[in-house]
Amino acid sequence: MAELAAARPRALALRVWAFLRSAPGTFVWLAVLLVTTIVMNQFSPRFRYRFVLHHSTNLHELSHNPVRVLISSALWTDGSRWWPYLILYCLFHAPAERRLGTARWLAVVAVSHVGATYISQSVVYYDIRHGTAAPSAAFIPDIGVSYALAGVEGVLTYFITSPWRYVYAAVLIAYYGEALLDTSTFTDVGHFTALLLGLACYPLARGRAEPWDPLVTARSAWARVRPD
């Protein structure tokens, strides 16, 4: 009996380890975000604001230190909570990495993050040049991982079986499109652009894994929990 009780935690630990190993890039990134979130919360509000500006992918920093801020902005968040990222990364990044492989998943992340950043900041540049935004908009804070997340959400469309993939894609387009039509800030442009870039990464997803059928998963789950 004691041996059985000791085996259960060991089996659970092995399952958790196997889950983490199945998407190493995702969980290393999450670990980095955990550390940087803890560090960020130790800063005073004034220093935090200056720190975020220094690591932001705004026009000023992109024109002086593009590589540094494109990398560093993806390693910090401007929020005080880490657990929402844990949920979102497990729901979207981990499945995408498992199906694409780490290298292709990282390519989608990079394309979405970099592409959406430059396109959204092009909107800021256009507004400044045409007088619809103040010159100070070139220094606006802009860090975080949401562009990469939107891109990965987009590429996951190709790993869902029809017709559910079209429902999933329609929900994503409605979600990001509604914000774009409502407020139309440069971040809204960035999120919608990142989604489109993720959808454009179909060549990276083609033939990588069998599509997931949510109906089959639901039936299997119901079979396990229903009373005999």
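## About the model

The structure is a predicted model, in which local features need pLDDT of at least 70 and side-chain atom pairs count only at pLDDT 80 or more, while totals for chains, interfaces and linings use all residues. Residues are numbered from 1 along each chain as its sequence is written, and side-chain values use heavy atoms, with hydrogens and water left out.

## The overall fold

Let's start with the whole chain. It has 12 helices and 0 strands, where helices (H or I, at least four residues) and strands (E, at least two) are DSSP runs numbered from the N terminus. Read along the sequence, the pattern is α-α-α-α-α-α-α-α-α-α-α-α. Along the principal axes, the C-alpha atoms of the chain fill a box of roughly 70 × 45 × 30 Å.

Of the 228 residues, 38% count as buried. Here buried means under 20% relative accessible area, exposed means over 50%, and partly exposed lies in between (1.4 Å probe, protein chains only). The accessible surface of the chain is about 13400 Å², and 67% of that belongs to carbon and sulfur atoms; such areas come from the Shrake-Rupley method with a 1.4 Å probe, and for residues only the protein chains shown count as cover. Contact means heavy atoms within 4.5 Å. Among contacts between residues at least 6 apart in sequence, 77% join residues at least 24 apart.

## Helix H2 and its partners

Two packed helices are described by the angle between their axes and the distance between the axes. The axes are lines fitted to C-alpha atoms, for helices over the stretch in contact, and angles run from 0 to 180 degrees between N-to-C directions. Helix H2 (residues 24-40) packs against helix H6 (residues 83-100) at an angle of about 155 degrees, with the axes 8 Å apart. H2 and H6 are therefore roughly antiparallel to each other. For such labels, angles under 35 degrees count as roughly parallel, over 145 as roughly antiparallel, 65 to 115 as roughly perpendicular and the rest as oblique. On the H2 side, the residues that meet H6 include Phe-27, Trp-29, Leu-30 and Leu-33, and their partners in H6 include Tyr-85, Leu-86, Tyr-89 and Glu-97. By class, this contact of H2 with H6 has 10 nonpolar, 3 polar and 1 charged residues. In this scheme Ala, Val, Leu, Ile, Met, Phe, Trp, Tyr, Cys and Pro count as nonpolar, Asp, Glu, Lys and Arg as charged, and the others, Gly among them, as polar.

H2 also packs against helix H7 (residues 102-129), at an angle of about 55 degrees and with the axes 9 Å apart. H2 and H7 are therefore oblique to each other. Pro-24, Gly-25, Thr-26 and Trp-29 of H2 make this contact with Thr-102, Trp-105 and Val-109 of H7. These residues divide into 4 nonpolar, 3 polar and no charged.

## Helices H8 and H10

Next comes another helix pair. The axes of H8 and helix H10 (residues 186-199) come within 6 Å and cross at roughly 35 degrees. The contact of H8 with H10 has 7 nonpolar, 7 polar and no charged residues.

Glu-61 is buried, with a relative accessible area of 8%. Leaving out residues up to four places away in sequence, Glu-61 touches Leu-53, His-54, Ser-56, Pro-66, Arg-68 and Val-69. Asn-65 sits in the loop between helix H4 (59-64) and helix H5 (66-72), and is partly exposed at 31%.

Asp-127 belongs to helix H7 and counts as partly exposed, at 23% relative accessibility. Apart from neighbours within four places in sequence, Asp-127 is in contact with Thr-132 and Ala-133. Finally, most peptide bonds are trans. The bond from Ser-162 to Pro-163, however, is cis, with omega near 0 degrees. Pro-163 lies in the loop between helix H8 (146-155) and helix H9 (164-182).
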